[in-house]
Each structure stands twice: as structure tokens, then as C-alpha cells.
Amino acid sequence: KNHSTLCLKSHINPSDSLDSLGISQIPCQPILLELCFWLVKGNLVGPENSIEEREWIVLEDNFSEEITLQENLNFISSIPNLPKIIISVENSTEKIKNNLNNLCDERRHESISTSEQNSGKLLRWWRVDKKSIESLPKKVLVPSWVFISPIEGKKIINGLNGKVVEYKGELKGIH
């Protein structure tokens, strides 16, 4: 058994996604989408150059074309035997690096007191030090669904966010 691949638990109900499109009675076939997790380690640099070591999980979802920060992920232990759909992508490492500031920089409230009477809150930036970044990609599967829209053809319901995305690739074993 290959334990290196992770499979996420999906909290999406495909019929909700179909209903939102105004099409409900369409057969959906379960599939697995292969996405990429990046385990990112690095430093946040704050005021007066204070440094904090941090770790993030960045999810690169090429189906929805989104890069997001993830927390509280639920995994399922046994991977369902379903057709897999993969989008291969170039220069992911670059793309992840370029998105880290949007994802990981933090504005924090810091108390400042100049005297006993005057104290307040100040928003200070903590920013990712890109030179400190190490990132490791890890494949992750997400149970999702594919259906064929009578008007628009092949579509995927993304099991991560419920979004319906177009799919232009080949669907092997999918009818």
C-alpha cells in the first residue's frame, strides 16, 4: 500500500452544487482530483526584526485555479478506488513563492503604552522572509464528481469547495 498519497475528506454534497446551477437531475460520477499540498516552513519577520519560525500548509488547486492556506484538514484512511484526474502544472514552486505574502503575512495588534494614561493598539506587519522559505510538495486526492452538462459539456464539482469548474481534458472510464 502506498501511504505517501493523502486523501482528503470532502464535506461537499454534489447535489447542492447542481441545484445552485439550476440543474438537479444529472447523474454525477465520483472521481478523485489530484491536488498539491505544499508544506512550507519559513520565518515571519516582525517589528524590530523579531523573527518567528512558522509552518504553513498551502494548497495548490489547479482545478479552481486557487492557492489557499489550509488548516484543520480531515483525511480519510482508505483511498476510494476511483478514476483520477490530474492537471500537470509548470513552475508551481515559483507560483507558491509569489503567493506567500498574500497568504502568510499577518497584521497583528500590538499594545503600546507610552505612559500609564496612554495605551493603545497598533497594527504591525509580520512578513514572510522569502529567503527563509523551504517548501515540499505532497500530492493529495480529493473525492469529487464529474457530470456532463446538457449545454456546456464536461464539468467537475470540486470536492474541496463545491465549485463547479470546466474540464477540458480526457475523462477515461467516465460516461
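Two strands pair if DSSP finds at least two bridges between them. With that in mind, and remembering that this is a predicted model, begin by selecting strand β2, residues 29-45. Of its 17 residues, 13 are buried, so β2 is largely enclosed by the rest of the structure.

To see one place where the two strands face each other, select Trp38, which stands opposite Val58 in β3. Then follow the chain through the hairpin that β2 and β3 form, where five residues lie between the strands and where Glu48, in the turn, has a positive phi of about 55 degrees.

Now bring in β5, which pairs with β2 in the parallel sense over three bridges; here Glu34 stands opposite Ile86 in β5.

The structure holds one aromatic pair, and because the ring centres of Phe37 and Phe75 are 6.3 Å apart with their planes at 85 degrees, the pair is edge-to-face. Phe37 is buried, with a relative accessible area of 2%, whereas Phe75 is partly exposed, at 39%.

Finally, look at two arginines: Arg108 lies over the face of Trp126, at 4.2 Å from the ring centre, and Arg127 lies over the face of Trp125, at 4.3 Å from the ring centre.

Key
Residues are numbered from 1 along each chain as its sequence is written. This is a predicted model: local features need pLDDT of at least 70, side-chain atom pairs count only at pLDDT 80 or more; totals for chains, interfaces and linings use all residues. Side-chain values use heavy atoms; hydrogens and water are left out. Rings of Phe, Tyr and Trp (its six-membered ring) pair if their centres lie within 6.5 Å; planes under 30 degrees apart count as stacked, over 60 as edge-to-face and the rest as tilted. Helices (H or I, at least four residues) and strands (E, at least two) are DSSP runs, numbered from the N terminus. Buried means under 20% relative accessible area, exposed over 50%, partly exposed in between (1.4 Å probe, protein chains only). A charge sits over a ring if NZ of Lys or CZ of Arg is within 6 Å of the ring centre and within 35 degrees of the ring normal.
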